[in-house]
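User: I have just opened my first protein model and would like to learn how to read it. Could you take me through some features, step by step?

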Amino acid sequence: MKRYLALVSLFTCALYVCAQVSWSAVEDVAPITGSRPDGVSNGIYYGADGTSVTLCTYAASKTAPAKRVFLVGDMTDWKLKPEYQMKRDGNYFWITLTGLTPGQEYGIQYAVERADGVKKIICDLYSEKVLHADDQYEPKQANSSLMPYPAKADGSYVTVIQPGKEAYAWSDATLNFQRPDKNNLIIYETWVYDYTQAHTFKGMTNKLDYIQNLGVNAIELMPVSEFEGNISWGYNPTLYFAVDKTYGSSDNLKKLIDECHKRGIAVIVDFVFNHAYGQNPMNKLYPYGSDLSSNPWFNVTPPEGGQTYGQDWNHDFGPAKEMFNRVFRYWLEEYKIDGFRLDLSHGLCGTTNNANSNLKAYYQTVKSVSPSAYMILEHWGSGHQDLINNGMLCWTGAGLCSAYYQIAMGWLEPDPSGNTDALHDANRNGYVSYAESHDEERMQYKVKMYGAGDLKTNTSARVARVPACVAFNVLLKGPHMLWQFEEVGYDISIDQNGRTGTKPHPSIKGYFTNSDRVAAFTKCAQVITLRTQLMPNAFTGTPTVNIGSRVALRTIQWGTNVFAAANFSATDNQILTLPSGTWYDYLNGATRASGSYTLAPGELKVFTGSAVVAPTFENIQKRDAQGVEEVQTDEVRAQKILRDGQVFILRGDKLYTVTGNLVE
């Protein structure tokens, strides 16, 4: 389906190429100049009366401004007209529109005649909503009220302006939200498209009870700002102020954020400020190839020497720096998010390798808007501790995942990098540690392929180890993260259907009705809830740990408050002797603990210094927005599922069409 939609999209865009604007009507129109209104820079500025807007775009190479820029759109019938020429003020071109209807949406583009005579059609860099020729597919399914793509536009991005738009009514939960301490974050990373069968913000909102039950106090959304294509992880960005319509409307996202805050869950959004792709308007003006050397917005070669993705932003260029600072402000103020995760943060350079100084400056902008907001960095460059001392957080990296693979597989060997004590990297303030993320192979897939003993073939034994691996991350010092469905032992390879391709949903595979996986979820949720809700004050300072490599029986002790132990051997029992003091078996009904226990392979024990009752969960399966209707058959209890506009029948872990053909 994805390949088919891509082909249809390309064909549709090819049809729109024929709708190029004609410059003949303005061939003899002379350029005009005029000073911009006070406070107007790049972007879209609405009048307070709801009937006017001032539009402004930067249109210049490194050496010269464009000759002329015209506004085209619904108000010009998508034709170039002399009265809609934009005035030039240095390298900026602007126009004020009046007499607009409050609340009405209008489509617009800019027709640019560069200094060298080349003509380009671009959208506004600061677009908060855009239309595209392929909106009729995934975006239209996510938002049936989406404005149709203008038939006379050229097939590329069209900016939508809406003067007098009604503001979103935030709840008091959002307006008064108290963010968790950054070193007590337990983050749930998720890709909206794959998280529910609905693929949308609405679908995810309907599954928030599940996330709340898991006990995490933050979610991290993989990029949701406008990206190229319809199905993507979002690391191919084009625009930073617009929400990608594949997931639904901006109000759908605000609803998701508001509902998270009502549940005490912070919302962190992943952004890609390292690079942009070809439909970004500033890239499109002076794009790939020989033109790039004339483009002030991008570096020809990444200064940090990293791998090239798209075009590399020049973070020393004033208008680019202004844009990113405004992105930070906009998402904190307009969407009330709680923080940012910056992809490839070591690449946020100017013309020199100066990412760290740029990051500090951007973080000052964030703090000026919201002092408690988070800044999480995927930082593979140097100077981590300096950035952490400045208040930011850093990802720990793939090396730690290798260490978790080893204990999950039961080999108890040093990780491939040679680090013999790697789990200690998960026991630090300032570093977000994780056993798996979107960048690494699924931990349970590694166990299924390479596990010791019978772990390759015994699904129950394999899944039973999940809570131990999760506990020996989230109960350590500092912030921690889970990747979606880690808590139920998701074991489909990250490379199935391609690294960034969609994967079978756990409900399709019967995970939420499988007793082993439900038990894994329950224990993971109980452990996380202990950290975030039941005893949050117990996890301060530094625990006493025995988590070194080659050790089968590993322990974490937070004074007299919490003691956790797990047997990571694949084959042998281990004898656990409790520390002195009074302890209660938290995972076993808060019963009074004895002096010693025999732990089976993969078994986890958590003890508390006082009797703390762990939460229980009657049903972890919450219905997706597109609906799952249970029906009774003569053979087995089945589920009727609506997906991609078609009805399927789920029997056990097999998916069938309504005519009985096996799908997977």
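This is a predicted model: local features need pLDDT of at least 70, side-chain atom pairs count only at pLDDT 80 or more; totals for chains, interfaces and linings use all residues.

User: Which residues lie nearest the centre of the largest cavity?

Analyst: Lining residues have an atom within 4 Å of a cavity point. There are 17 of them, and Asp 194, Arg 442, Trp 483, Gln 484 and Lys 503 lie nearest the centre. The lining divides into 9 nonpolar, 4 polar and 4 charged residues. In this count Ala, Val, Leu, Ile, Met, Phe, Trp, Tyr, Cys and Pro are nonpolar, Asp, Glu, Lys and Arg are charged, and the others, Gly among them, are polar.

User: Is Leu 80 buried or exposed?

Analyst: Buried means under 20% relative accessible area, exposed over 50%, and partly exposed in between (1.4 Å probe, protein chains only). Leu 80 counts as buried because its relative accessibility is 4%. In the protein chain, buried residues make up 59% of the 664 residues.

User: Where does Leu 80 lie, and what does it touch?

Analyst: Helices (H or I, at least four residues) and strands (E, at least two) are DSSP runs, numbered from the N terminus. Leu 80 is in the loop between strand 3 (68-73) and strand 4 (87-89). A contact means heavy atoms within 4.5 Å. Leaving aside residues up to four places away in sequence, Leu 80 touches several residues, including Trp 23, Phe 70 and Ala 111. Ala 25 is 55 residues from Leu 80 in sequence, yet their C-alpha atoms are 6.6 Å apart.

User: What is the phi of His 199?

Analyst: Most residues other than glycine have a negative phi. His 199 has a positive phi of about 70° although it is not a glycine. This residue sits in the loop between helix 4 (192-195) and helix 5 (201-205). His 199 is buried because its relative accessibility is 14%.

User: Which backbone oxygen does the side chain of His 199 reach?

Analyst: The side chain of His 199 comes to 2.7 Å from the backbone oxygen of Tyr 193.

User: Is Lys 336 buried or partly exposed?

Analyst: Lys 336 is partly exposed because its relative accessible area is 27%. Lys 336 lies in the loop between helix 9 (318-334) and strand 16 (339-342), and has a positive phi of about 55°.

User: Where does helix 16 bend?

Analyst: The bend at a residue is the angle between axes fitted to the seven residues ending there and the seven starting there. Helix 16 (residues 515-534) bends by about 30° at Ile 528.

Note on methods. Residues are numbered from 1 along each chain as its sequence is written. Side-chain values use heavy atoms; hydrogens and water are left out. On a 1 Å grid over the protein atoms alone, a cavity is a set of points where a 1.4 Å probe fits but cannot get out, and a pocket is an open set with protein on both sides within 12 Å along at least five of seven lines; lining residues have an atom within 4 Å of a point. A polar contact is a pair of N or O atoms within 3.5 Å; within protein, one must be able to donate a hydrogen and the other to accept it, and residues adjacent in sequence count only if both atoms are side-chain atoms.
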